[in-house]
Amino acid sequence: MTQVSGEVQTPSSPGSGRGPTPIERLVRPVTGSAAAGYRALRLGARTMEIDLRLAGMVVFLIFIWLGFGYASNGLFLTPRNFYDVSVQSVSVAIMATGMVLIIVSRNIDLSVGSIMGLTGYMAAMTQRVWLTENLHLAYGGFEIWIIAVLVAVVVGAIIGAIHGGLVAYVGIPAFIVTLGGLLAWRGLIFKLQQGQTIAPMDKNFSILGGGLPQGAIGFWPTWIVGIVLCIGIVYALITSRRKRRSYGFPIRPQWALISLIVGGCATVLGAMFVYNNYPLPPLLTQQFAADHHISADGLVIPVGLAAPVLLLLGIGLVMGFLTTRRPFGRYVFAIGGNPDAATLAGINTKRTILGTFVLMGILCGLAGAIQTARLDAGVTSTGTSYELLVIAAAVIGGTSFAGGIGTIQGAIIGAVIMQSLKSGMVTVGLDSPLQDVAIGSFLVFAVGLDTVAQRRAK
Amino acid sequence: MSISPNSETVAASAVTDTPLVELRDICVSFGGVHAVQDVTVNLRPGEVVGLVGGNGAGKTTLIRTLSGAHPADSGQILINGRPVTILNPRGAKALGVETIYQNLALAENVDAAANFFLGRELKSRLGSLDDAAMESATRRVIGRLNPNFHNFKVPVMSLSGGQRQSIAIGRAIHFDARILIMDEPTAALGPAETAQVREVIKQLKSEGIGIFLISHDIHDVFDLADRISVMLHGKLVGTVNKADVTTDEVLAMIIMGKMPGEVTQRELAELHG
């Protein structure tokens, strides 16, 4: 995925003078020889042109997994648990990619949970009420799920445009606009269909939720996705290297290139291997056997990659592209770094800010549709307090509240770290209030360490 | 035959007499305060006009109407004799007006090339940013201005004042500027870097670019400018040819608002306390 793409375009490039990540701080040795090892690590990261902050987060994530794996006697480290954690991370991760751009440009969006709730509910209404009851379309038809998702996305975009317009063109602070949105859009859900629970969802629509058996893409498609991603990694690294060489710029040494390719592909294929080692649970296997008139004895059906995770991968790539490879993303960062400079450079800052909110709304719509599909029901409480999880994911993922700093891949990893902590604590039997205490403390701790590290780096 | 030298003189003076830029009767006020009041200045191709005055004299405000940062309340801007409307920085750039701001106006969190091309990024055929091409152009231009500049992949915040200045100047001259506004270009620089900026100004002048030079440093202005326009309390005191005046006379304009003919020897002597 994008975290291994070596061409670092974001401000968090290596050697940027920013200090070590919290994780590095934690492991930063005090003794002389260990300090030398630490310096070697930094130098190595610079030579390989990898983002040390991001690498630190990945190491921390693996550390969490191993820790909970040990504490749960391996229960946490099963393919089944990885499947569940990844599916549960998707909604927050998708919205966090948009929140990065919002926070980078020195704004905030408190309404994402409510937008997600409203759009998810409207996706449910589209398929259960408007299309089928009012327009008499056949239930289970191919077009139904597409229209439902489109409704969620378009409504999200419109709400985002309203927020963005008020922030950018009227000049109301984003905190106020989206605080209003937090209340208003949630309230509006109850005015639709009297706030009843709408269930169940269309069969095709529920694929988006990742529930079994329909929500995973199966054995061979999983490998194909893995191989396509590997080809993408190799292609991206080699073309950028060729281009830099043609301009006579310094390039990373060959060993660094090869380790990046091997490391990246191994990570991708390893993940696909884990997904393909999750067999369909016995009850569902028997049902499958009965449906296909075969014997269930010894039948093992690998589940494969979850559909919503595949969607998240796609969104991550698109958002990463928008952020680092398009002028729009560059403008967002420039505005976050110095709004006056951005204006004086001739950037249409208002339109750019509007764009970040529209994008945020679209992502909320997608997250709403996925969450509704996962619950297999449209309920009024979908996305409640998700704004806090989304902001936390973005911030844990290295987004700075001062603006101008953040990455898409960091936000996605931030969301996975949070979900891993949550699931891990459930697995080891920590009770719910203590989970909140732990996650809340972790958030402050992570950001606090980062702040201290950055101050020292200056 | 006898007409020929005459007509040549006429033609030559016609070229130099059509101002590249003319700011006519510009007024800008903030609330009830008249920051700039009925100021008229002009600039010819290949000419450096020094714009001097004390703090709050209105130099920067006047020039911001030309760079598009803050539109004038009234007055007219002519470029090559044609009236233009400049609503924003983008519009100014489209007319060939580039500005080097006193605070440099750089985004601290992105690298040199990103700042260099901010708002006019180079794109590949597929519409994505062509970072390699942008870095290449940035290295070429800045390498010429400042051979010691090597940190092209780090955020601007970790660069020195001189290096930042190189980015700001390089960015202004790379895009075929015809009119350059430099607001205190040497205020934050050391002696070596200041000398470098002076060289750049002389070279740009020889290429026919018109430059408005705003500076506190009267010696800078005397070294570089052809004409000097002095402002005081938002009004133009006057514009003089550098060759016709002494630094003391310009100081008298800045401090007392008196033109060289109006000022007495005694007042001039008092300037030095």
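Met95(A), Ala96(A), Met99(A), Val390(A), Ala393(A) and Leu213(B) touch the most other members of the largest nonpolar core, which has 188 residues. A nonpolar core is a set of buried Ala, Val, Leu, Ile, Met, Phe, Trp, Tyr and Cys residues joined through C-beta atoms within 7 Å. Helix H4 (residues 79–104) of chain A gives the largest share of this core, 15 residues. This is a predicted model: local features need pLDDT of at least 70, side-chain atom pairs count only at pLDDT 80 or more, and totals for chains, interfaces and linings use all residues. Residues are numbered from 1 along each chain as its sequence is written, while chains are lettered from A and ligands numbered from 1 in the order in which they are written.

**Around Ala96(A)**
- Ala96(A) touches Val390(A), Ala393(A), Ala394(A), Gly397(A), Ala411(A), Ile412(A), Gly414(A) and Ala415(A), leaving aside residues up to four places away in sequence.
- Contact means C-beta atoms, placed from the backbone, within 7 Å.

**Strand E8(B)**
- Five of the five residues of strand E8 (residues 210–214) of chain B are buried, so the strand is largely enclosed by the rest of the structure.
- Buried means 20 or more other C-beta atoms within 10 Å of a residue's own; exposed means 12 or fewer, and partly exposed lies in between.
- In a regular strand the side chains alternate between the two faces of the sheet.
- Gly210(B), Phe212(B) and Ile214(B) lie on one side of E8(B), Ile211(B) and Leu213(B) on the other, and all are buried.
- Strand E3 (residues 48–52) of chain B pairs with E8(B) in the parallel sense over four bridges; Gly50(B) has Leu213(B) as its bridge partner.
- Strand E7 (residues 179–183) of chain B also pairs with E8(B) in the parallel sense, over five bridges; here Leu180(B) partners Ile211(B).
- Pairing requires at least two DSSP bridges between the strands.

**Chain B overall**
- Chain B has 10 helices and 10 strands, taken as DSSP runs numbered from the N terminus (helices H or I, at least four residues; strands E, at least two).
- Of its 273 residues, 43% count as buried.
- The C-alpha trace of chain B spans about 65 × 60 × 40 Å along its principal axes.

**The A–B contact**
- Chain A puts in 29 residues and chain B 25 residues.
- Helix H9 (219–246), helix H13 (327–337) and helix H14 (339–344) of chain A each supply at least two residues of chain A's side.
- H13(A) brings the largest share of that side, six residues.

How values were computed: Two residues are in contact if their C-beta atoms, placed from the backbone, lie within 7 Å.
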